[in-house]
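Here is a briefing on one protein chain. Look at the sequence and the structure, then work through the points topic by topic.

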Amino acid sequence: MHDMPLRVGLTDGRVIYGRFACLDKQQNLLLSEARETRKLGGGAADNGVSERHLGTVLVPRRRVTSCHTAVVT
């Protein structure tokens, strides 16, 4: 299960793709090689997506809405 690619949805609509490293005692996720994607704007005409590299991140359990295995491209 270590180093498994994950797709993690957050409460604010962002999605983080990364490699599962571990869960801590409070069940927060630690991801390596993480990158964040989010939709830009709110209008129907704006379908842009912003992406940024994060590196290693700790995702608080209370912010996670979904967690799925994913193909990281």
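**Contacts and overall plan**

Among the contacts in the chain with a separation of 6 or more, 41% are between residues 24 or more positions apart. The model is predicted. The chain has five strands and zero helices. Along the sequence, the pattern reads β-β-β-β-β. Of the 73 residues of the chain, 27% count as buried.

**The sheet**

- The five strands form an open sheet.
- Their order across the sheet is β4-β3-β2-β1-β5, and the pairing is antiparallel.
- Which strands are at the edges? They are β4 (49–59) and β5 (64–69), and each of these pairs on one side only.
- From one strand to the next, the twist averages 30 degrees.

**Strands β1 and β2**

- Strand β1 covers residues 5–10, and strand β2 covers residues 15–23.
- How many bridges join β1 to β2? There are five, and the two strands run antiparallel.
- P5 has R19 in β2 as its bridge partner.
- L6 stands opposite G18 in β2.
- The hairpin of β1 and β2 has four residues between the strands.
- In this hairpin, G13 takes a positive phi near 95 degrees.

**Strands β2 and β3**

- Seven bridges pair β2 with β3, again in the antiparallel sense.
- L23 has L29 in β3 as its bridge partner.
- The hairpin of β2 and β3 has five residues between the strands.
- Which residue of this hairpin takes a positive phi near 70 degrees? That residue is Q27.

**The nonpolar core**

- The largest nonpolar core has ten residues.
- They are L6, V8, L10, I16, F20, L29, L31, A34, V57 and V59.
- Strands β1, β2, β3 and β4 each supply at least two residues of this core.
- V57 is one of the core residues. Leaving aside its neighbours within four places in sequence, V57 is in contact with L29, L30, L31 and A34.

- R35 lies in strand β3, which spans residues 29–39.
- Is R35 buried or exposed? R35 counts as buried, because its relative accessibility is 15% and the cut-off for buried is under 20%.
- The side chains of R35 and E51 are joined by a polar contact of 3.2 Å.

- Leaving aside its neighbours within four places in sequence, V64 is in contact with V8, G9, L29 and V59.
- V64 and I16 are 48 residues apart in sequence. In space, C-alpha to C-alpha, V64 and I16 are 10.0 Å apart.

**Cysteines**

- How many disulfides does a search of the whole structure find? The search finds zero.
- As a reminder, a disulfide is a covalent bond between the sulfur atoms of two cysteines.
- C22 is found in strand β2.
- C22 counts as partly exposed because its relative accessibility is 32%.
- C67 is also partly exposed, with a relative accessible area of 38%.
- Leaving aside its neighbours within four places in sequence, C22 is in contact with N28, L29 and L30.
- How far apart are C22 and L58? They are 36 residues apart in sequence and 9.6 Å apart in space, C-alpha to C-alpha.

Terms used: Residues numbered from 1 in each chain as written. Predicted model: local features only at pLDDT ≥ 70, side-chain atom pairs only at ≥ 80, totals over all residues. Heavy atoms only, no water. Pairing = 2+ DSSP bridges. Axes fitted to C-alpha atoms, helices over the stretch in contact; angles between N-to-C directions. Disulfide = S-S within 2.5 Å. Buried < 20%, exposed > 50% of the residue type's maximum accessible area, 1.4 Å probe, protein only. Contact = heavy atoms within 4.5 Å. Polar contact = N/O pair within 3.5 Å; in protein donor to acceptor, adjacent residues only side chain to side chain. Core = buried A, V, L, I, M, F, W, Y, C linked by side-chain atoms within 4.5 Å.
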